[in-house]
Amino acid sequence: MPTPFPFSAIVAQEEMKLALLAAAVDRTVGGVLVFGDRGTGKSTAVRALAGLLPPMQVVAACSYNCDPDESDTWCEACRARSANGGLKTRRAPVPVVDLPLGATEDRVVGALDLERALTQGIKAFEPGLLAKANRGFLYIDEVNLLEDHLVDLLIDVAASGENLVEREGLSVRHPARFVIVGSGNPEEGELRPQLLDRFGLSVEERTPADLAGRVEVVRRRDEFERDSAAFAEKWKQKDAQIRRRIVAARGLLPDVKVPDEILESVARLCMTLGTDGLRGELTLIRAARACASYAGAKQVSDAHVRSMAAPALRHRLRRNPLDETASTLRVQRAVDEVYGA
Amino acid sequence: MITATALFAIDPLGLGGIAVRSPPGIERDQFLASLRSLLPQQTPMQRVPAHVSDERLLGGLDLAATLKSGQPVAARGLLAEADRGVIVLSMAERMQPTTAAFIASALDCREVVVERDGFAMRSPARLGVVALDEGLADDEQPSAALLDRLAFRIDASVLRSAAENATNYSARDIAAARERLSSVVVGTALIESLCSAAGALGIDSLRALIFAVQAARASAALASREEASELDAAVAAQLVLAPRALVVPPAPEQQQTQNTESGQDRPDAKDPEQGRNVSEHDDIVLAAARAALPAGLLDRSNESQPGRVKSAAAGRFGVQRRCVQFGRPAGVRRGKPAKGARLNILATLRAAAPFRRLRANATDSPAAASRVVVSVRREDFHVTRYKHRSPTATIFVLDASGSSALHRLAEAKGAVELLLADCYVRRDQVAVVAFRNKGAEVLLAPTRSLVRARRELSDLPGGGGTPLAAGIEAGRVLAEALARRGATPTMVLLTDARANVALDGRGGREQAHSDAVSVARRVRAAAIRSLLIDTSPRPGATAQTLAGELGARYVPLPHADAASLANAVRLSSGRGP
């Protein structure tokens, strides 16, 4: 597998980086959608994230990466294992699973293991990508080009956290809790609102407009192309630093307080914007909390809410489909109104 | 002269590829032959047809081997086979966007990740792409996602001159340059000047910049320079940046003018050279780019193409009906492979596999039973479902002339916006053609992006003569192009039908009217569903006759408001309000 571009070497794109980190700190923030112009390094950032995530504990023989400490999320096999005495555990990297375009349904949800069926006559389930992505990230590049029947499937699984397979005489259910990360170019088509809703945060990426920024992007990319190993080595320290911060932030997260006035102001913000339901508020508060703990703060402040307001809310506004670009502006205005310019 | 071909041969991986926009012919063949001769001999060069199936492109189940061995055997796809080589895409402008997206993703990741047919494979695919684009019209182009990932764009005229220069470099020069490539340094100053040149040309994509740097490096390697020089930057600007230019860079003496067009697209992009001394470097790079710009760049999008006749027989209307085996795969269902439905071998085997032992025992002779790998019965048959997207595409042909008073135009715009909201729900395509003065203009090529639709509409100007014929003709050309791509076009003509400019751009009511009638007949002959909305204050017989010639539904709307216009369109395309 080719060396991924180091996360810390990505120039600017602060909003995208922050959103991805927030999702890495607190998975309950939900997925991240990155929309942007061509060539802004959307997929680079997501692939870079994979190299950055601290490893996790999993049940050794489990094909779904079950968490040994959380018995209520176990798959049936793990329950059985636990009943038969103890689970063996191991450290594993957090999966960042690519859902490539053109993937077929059987590989996504899992299907009958054809090889064992043909050679041994055994009816066995061969887990698919959703199983592989459990407790990790599922990355879909060009998410707006994804085929409709796969979108339907994802929407369902992402909502329930469980994959239900009923095909070829198999009846399997297994946990599939993952953070969906999608990227795409809005000019190639829009996303179904139902799928849009599954993303906790949505960020918009633009090409850096200043010359110095552009030169820096090109210089680093060029250096990377020439000798990716040496480049990765050079940024290893910085990447490790971010990794440590993620670990620290996860530890801190349960203790981060959300003061009442923040809750109130967030509610006011969402009311001003007229977002449907409570999902927007919930996501914003979680994201702000993840953001605070990443910054090492014990308490969520206005600044944390402000930095996550646009990503958490811009795709939840009651939409005038013609006014896509203006939603960021609307959020900005509402934020200024609630928190003062 | 250093050609794109030579640079690409040096670094196919770093430069992505070449898009060649030219009809097939000797020059194009020569280009391909010279590329072949410059690439190292063992380099695979694989041709890929536009309608390549996903299985073949990405890989999947190797049927013959699977049946022979009794266990699933994976087959590599074209992309994996072309590793360390070059793929040549025939008729790239006809390629499905998803197919192009697969190739784009292979270019990005330099590997193909396959999750298909029960296989999870990862194989390296370090390849370069030559996209042969035979498109004629402006909107007939390879997918933008793919184009963005190819460093070079050349057209027929470049091919001609390249043919003359083909012998400038030998395969040995190229091989030597390949050796040197990784040690060539591209200085920060040079990168800066390439970036600012790109800024001046209105190029936003960072990929273009990265390609420019790679091209400069390849050019330096070819010239045996250890560090890329201004000359190399000039080559890069000319070959990579100039063909992507959106604005003509201001000539040095008139620095201030001409920036209007880029200003619209990037309101936040200030003059990139602000606060920085324009070095000589930048001038050379920019001059090289400017020299290579095609003449009349700014007019290009304004061109109308009156009189371009395509015979209806060139269309392929038949394809639309064969949905059973055409379109995007959309899952699998149980069923017989009859009436053109395609058997899905894998799903069929999967269905049969659980019963292997059971059925083997039931067979007459035990000897035969042991030889049976899997026995497939009729009830196991699964066929692939295809979904042919036949999106309705609505083409609005707007009369923006002076006679259509300005408030009419506003109403029409309003109607289009309302319909766009509808189109959003149904994921339809929309296109906008406006006609005024001497000709028609495709304001908005067919798109699903409402952001763009809105942007284009908001600054549609009005005034001038009424070149009705040119407008209808442009709408028809667009409609036929859409139909060929499998969409079902509806043309909505909003006009008062008072033509006063003929097809050739000259004034005169008589000629203008008879031209309009004759192009209208062509629309009817092509069986394009259409609707004429009479926007004149007093609905007249002229518009009604024209509607008759078009085979269009006639809707007189003397005092149309946007909502009722939108309603009329909905009704006419049979969707109900």
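Tutor: Two residues are in contact if their C-beta atoms, placed from the backbone, lie within 7 Å. On that basis, 75% of the contacts in chain A with a separation of 6 or more are between residues 24 or more positions apart. Residues are numbered from 1 along each chain as its sequence is written, and chains are lettered from A and ligands numbered from 1 in the order in which they are written. The model is predicted: local features need pLDDT of at least 70, side-chain atom pairs count only at pLDDT 80 or more, and totals for chains, interfaces and linings use all residues.

Confidence comes before geometry. pLDDT is the predictor's confidence in each residue, from 0 to 100. Chain A averages 84, with 94% of its residues scoring at least 70. The mean for chain B is 75, and 70% of its residues reach 70 or more. Over residues 253-278 of chain B the pLDDT is below 50, and this stretch has 22 contacts in the model beyond near neighbours in sequence. Residues 295-325 of chain B also stay under 50, with 39 contacts beyond four places in sequence. For the complex, the predictor gives an ipTM of 0.71 and a pTM of 0.67.

Helices (H or I, at least four residues) and strands (E, at least two) are DSSP runs, numbered from the N terminus. Two strands pair if DSSP finds at least two bridges between them. Angles here run from 0 to 180 degrees between N-to-C directions, and axes are lines fitted to C-alpha atoms, for helices over the stretch in contact.

Within this sheet, strands β12 (residues 392-399) and β15 (residues 488-495) of chain B run parallel and are joined by seven bridges. One of the residues involved is B:Ala393, whose bridge partner in β15(B) is B:Pro489.

The axes of α22 (residues 509-525) and α23 (residues 541-550) of chain B come within 7 Å and cross at roughly 35°. From α22(B), the contact is made by B:Ala516, B:Val517, B:Ala520, B:Arg521, B:Val523 and B:Arg524, and from α23(B) by B:Leu546, B:Glu549 and B:Leu550. Sorted by class, these are six nonpolar, no polar and three charged residues. Here Ala, Val, Leu, Ile, Met, Phe, Trp, Tyr, Cys and Pro count as nonpolar, Asp, Glu, Lys and Arg as charged, and the others, Gly among them, as polar.

The loop between α22 and β16 of chain B holds B:Ala527. Its phi is near 55°, a positive value in a residue other than glycine. B:Ala527 counts as partly exposed because 13 C-beta neighbours lie inside 10 Å. A residue is buried if 20 or more other C-beta atoms, placed from the backbone, lie within 10 Å of its own, exposed if 12 or fewer, and partly exposed in between.

Chain B has another open sheet, of five strands in parallel pairing, with the order β2-β5-β8-β1-β9. Its neighbouring strands are turned by 20° against each other on average, direction ignored. In it, β1 (residues 17-21) and β8 (residues 127-133) of chain B pair in the parallel sense over five bridges, and B:Ala19 has B:Ala131 as its bridge partner in β8(B).

Buried residues of α9(A) include A:Val215, A:Val218 and A:Phe224. Their cover includes α10 (228-252) of chain A together with α11 (188-200) and α12 (206-222) of chain B.
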